[in-house]
Every structure is written in structure tokens, then in C-alpha cells.
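Let's take a friendly walk through the charged pairs and one of the sheets of this protein. Have the sequence and the 3D view open as you read.

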Amino acid sequence: MSARARKPPRSRSIRELAESKLAGGAAVDLERLTPDEIRGFVHELEVHRVELEIQNQQLVEAQLAAEESKERYRQLYESAPIGYLTLDSEGAIIASNLCASELLGLPRTRLLGRKLSSLVAEGHQDRWHFARRALAESGERRSLELELSLDDGRTLDTQLVGSGRPGPGGTLNLALLDVTELRGAERALRRAASEVSLAEQRERRKLASDLHDDAGQLLSLASLKLRALADAPTRGPDGPFRELAEILAEARRRIASLSFQLSPPLLHDVGLVAATRWLAEDLKRRYGLAVEVAEGGELALDETSRVTLFRAVRELLINVTRHAGVPEARVRIWSEGVMTRVAVEDGGVGFKPDAGGGGFGLLALRERLGQLGGTLSIGPGLGGAGSRIVASVPLATRVVPREGGPS
């Protein structure tokens, strides 16, 4: 008979194994045994039978416990809120739980046998290649971030934690966590920080331009007049001196105004309300915007909160002058529970905080307030038109009422 026709031997039963062992030994001669010896043999057989029954029951119970443990593990594996993948030595997926299937947007029938590298974004292929090789060689637990490019066109930011089993036929076990929202929030924060930095740079350029165009030109004009007076052969009338005094006084006023815009002393020495009132007067003088400031007294705020709220009010009011198309606005400052709130309202065409590229930008302002434990809300303005922007930060202590004013 050929080797191809030869059938594999079937596994031998326990009884066959026992009979084969007994066949090689000497048979018991029952004729020579006494009745007491026979009874002893029968008793031993009965005891052995009971032992076998007990062992069999214990094996059944152990098997049931193993099945229950296996089912608990399967349920835990399937219902885990984190994706789990097992890869073979070639990087192909050989096992996946339900969460991983949902994250990757593919049924398990299409995942199994597919290489994970086919789902890795092009820019992260090298990172995955080196990480997989390190996991396979060391077997140590490692963590890495990968961007996945899914079949449905989505991009998924993931955090992978894996461990490998070195050697031929080794496998990789990976935990897969979706961090797309977290990375999106981090990118938004970076954009907000960049916007704040750009806003500060724009503000510095604007102030530098104001110094050059206003105070610088006035001082240049004063210098020219002084040179003309010095070159005059005889002293003229007092008119040129009065003009010069007026030019220097105007230069002083404009420099003082710019210094107040940079860092109003009232904001640090008195408080937010006083600085806002000064701001209203300055905007009236410079832009013709009539700002009504409604408040009940200075509020106990730390310096960071005061500066943040003042800059927010200033930016919002300047945007009213540029984009709202109305000659008036309203600022309200009050406390509500543990929060300090500042509202800027207008009845114009609507608020466009980023028009013209100036200012905080709503995103940057919202993030800055959020760092202080505050919020930013946007709604309709006066009479349902325009806008109403409310900035809120935690109140440090109680309100300090102004003499004769509401608390």
C-alpha cells in the first residue's frame, strides 16, 4: 500500500491503552484467590470506581469554569471601549474586537487577513514600519501615534499601545484608541495661541504706526519750527512760539493716549470700570462712538482677569466703530453669582470680529477666557439687531460697591 493510501492511525481510547498495558503483565489467577482476597479486590475496585467518578465530576466542573471564564473574556474583549487588534508576523490582522471594527469602519470579515499598513496614512508609513519591527524584536510594550487613512475617506488620529511576542510566528497585540477629537482640540488651541500672538503683533504695529504718524510728525514739525526760529536773524512775534507750544501739547496728548491704550494706569490702580469709562471717552473723541457704560461698582478681579476683559471690551468696541455702522454702543459690567460678566451691545448690522484681520478673534478670546475658567456667549443685540457679546470670568471676592451706586 502506498503512503498516500495509508490512513492516519486513530487516537486510542483510554480503555485500549489500559488493556494494552495489562496485556504485558501476568494475569491474576482467580482460582487460587481466597474469598477474602476476592472481596478485597472487589472493594478496591469499588473505591477506585468512586474515585474515578469524583475525578470525572471535578473535570466537568473545571471545564464549565473554563468555559465561563472564556465567555467572560470574550464579552470583555468584544465590549471594550478600546479597539484591540492582533497581527501576525507579517503585520496582517488575525483578530479584531467590535470596537476596532467600528473605528476602522470595516466589518471584521474585511479586516481579517488585511495588513494594517494598508490603513496607515502615507506620511506615517515609516513610523509604523519601524515601530512594528521594534515590537517584534523586543517584545516590550510601546506606544505611538498613527494617522490612519480609512477606506471611506476619513482620517483617524489614533494612539496605539502594543506588545509583541518575539521569534518566528510571533504576534503583535495592539490597543487602538481614537484621539481625533483630542488632537483637533490641540490644533485649535495652537491656532488660538497663534492668533493671539498675531493680534499682539498687529497691535504693536498699529501703535508704532500711530506713534510715527501722529506724535512723530508733530515732533518733526516742532523741530522744523525750532530750526526756523534759530535761523531767523531777529526774534519775531510770539505767534511761532504759541504754535510750537500747541504742537508740543498735542504731541503730549497723543502720546498719553497711546500709553493709555497700551496699559491704562486706571486699569491697574483703580479697576476695570474706571478703565472702561476712560476707554468710552477716548473712543468718543477718536471715532465719535457714544458708549454707555452701565455698572454698579468696581469688581474684585485679579490683574490677569482685568487685563483680559479690558482688552476684550476694547477690541469689541473698535469693531463696532469699524463694522456695525452705528454711532453708539453699550457696555454693561456686573457680577452674577461667582462670575463677573461684561456685555458689549450694539444695534448695527452684526458683529464681525475678524473683519480686516484685527483683534483677538472670537476663538482666541474664547480660549483665553476658558483658561481663566470663563466663557464667551454671542447673541442678538439692541432691539434684536446687531450683536451682544458677553465675556465672563470667575469673581475673586465680593463686589466693592461705589459710593452712592448700586451694589
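A salt bridge here is a side-chain nitrogen of Lys or Arg within 4 Å of a carboxyl oxygen of Asp or Glu.

## About the model

This is a predicted model, in which local features need pLDDT of at least 70 and side-chain atom pairs count only at pLDDT 80 or more, while totals for chains, interfaces and linings use all residues. Residues are numbered from 1 along each chain as its sequence is written, and side-chain values use heavy atoms, with hydrogens and water left out.

## Salt bridges within helix α2

By the rule above, the model holds 18 salt bridges. One of them joins Arg74 to Glu71, with the closest N and O atoms 2.8 Å apart. These two residues sit three apart in helix α2, so about one helical turn separates them; helices (H or I, at least four residues) and strands (E, at least two) are DSSP runs, numbered from the N terminus. Arg74 is partly exposed at 41% relative accessible area, and Glu71 is partly exposed at 31%. For these terms, buried means under 20% relative accessible area, exposed over 50%, and partly exposed in between (1.4 Å probe, protein chains only).

Helix α2 (residues 35-79) also contains Glu53 and Arg49, four residues apart, or about one turn of the helix. Their salt bridge has its closest N and O atoms at 2.6 Å. Glu53 is partly exposed at 45%, as is Arg49 at 39%.

Which parts does the pair Glu145 and Arg183 tie together? The two side chains meet in a salt bridge of 2.3 Å, N to O. Glu145 belongs to strand β3 (residues 142-149) and Arg183 to helix α6 (residues 180-231), so the pair links parts 38 residues apart in sequence. Arg183 is buried at 13%, whereas Glu145 is partly exposed at 31%.

A network of salt bridges connects Glu292, Arg330, Glu345 and Arg388.

## A five-stranded sheet

Five strands form an open sheet in the order β6-β7-β8-β10-β9, with mixed pairing; two strands pair if DSSP finds at least two bridges between them. At its edges lie β6 (290-295) and β9 (375-379), each pairing on one side only.

Within the sheet, β8 (residues 339-346) and β10 (residues 387-394) pair in the antiparallel sense over eight bridges. Ala343 stands opposite Val390 in β10. Helix α11 (residues 362-371) packs on the sheet and touches β9 and β10, where contact means heavy atoms within 4.5 Å.

Technical notes: Axes fitted to C-alpha atoms, helices over the stretch in contact; angles between N-to-C directions.
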